[in-house]
Amino acid sequence: MLDQALSQSLEPRISRKTVRLSIDPARMKRLKDQEYKVMFWGSMPVFLVAALVKRLMPRSEAFHGTASEERRGVFAEAAHMAHTIIPFAFWR
């Protein structure tokens, strides 16, 4: 009798079916989108400094070749860097 009471108290109170149904794909996507936005805006100051440093460094044709790169503003360049680097954090 004691063993039966102990085994019932140790059983999980939430069934596996309830746990499996609680994972909502739409909610997971929303959470990933929020996480991406937090990472984007959190890293934007770092990329803004990098874009400013890149803008202030003298251009040398030896490094850039003949193909000219599209010119962007400093904020657009920082956003481009952030959108290029951050997806690597989501690779699994």
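Glu77 has its place in helix 5 of this predicted model, and with a relative accessible area of 10% it is buried, because buried means under 20%. Leaving aside residues up to four places away in sequence, Glu77 touches Ala51, Lys54 and Arg72.

Helix 5 also holds Thr84, which counts as partly exposed at a relative accessibility of 39%. The side chain of Thr84 reaches the backbone oxygen of His80, at 2.7 Å. The two residues of helix 5 are set out below.

| Residue | Relative accessible area | Class |
|---|---|---|
| Glu77 | 10% | buried |
| Thr84 | 39% | partly exposed |

The next topic is the packing of helix 5 with helix 3. Two packed helices are described by the angle between their axes and the distance between the axes. Helix 3 covers residues 25-56 and helix 5 covers residues 74-85, and their axes come within 7 Å and cross at roughly 125°. That angle makes helix 3 oblique to helix 5, and the crossing of the two helices is right-handed.

On the side of helix 3, the residues that meet helix 5 include Tyr36, Phe40, Met44, Phe47, Leu48, Ala51 and Lys54. On the side of helix 5, the residues in this contact include Val74, Phe75, Glu77, Ala78, Met81, His83 and Ile85. The residues of the contact divide into 15 nonpolar, two polar and three charged.

Notes. Residues numbered from 1 in each chain as written. Predicted model: local features only at pLDDT ≥ 70, side-chain atom pairs only at ≥ 80, totals over all residues. Heavy atoms only, no water. Axes fitted to C-alpha atoms, helices over the stretch in contact; angles between N-to-C directions. Helix = DSSP H or I, 4+ residues; strand = E, 2+ residues; numbered from the N terminus. Parallel < 35°, antiparallel > 145°, perpendicular 65-115°, else oblique. Left-handed = near helix turned anticlockwise from the far one by under 90°. Contact = heavy atoms within 4.5 Å. Nonpolar A, V, L, I, M, F, W, Y, C, P; charged D, E, K, R; others polar. Buried < 20%, exposed > 50% of the residue type's maximum accessible area, 1.4 Å probe, protein only. Polar contact = N/O pair within 3.5 Å; in protein donor to acceptor, adjacent residues only side chain to side chain.
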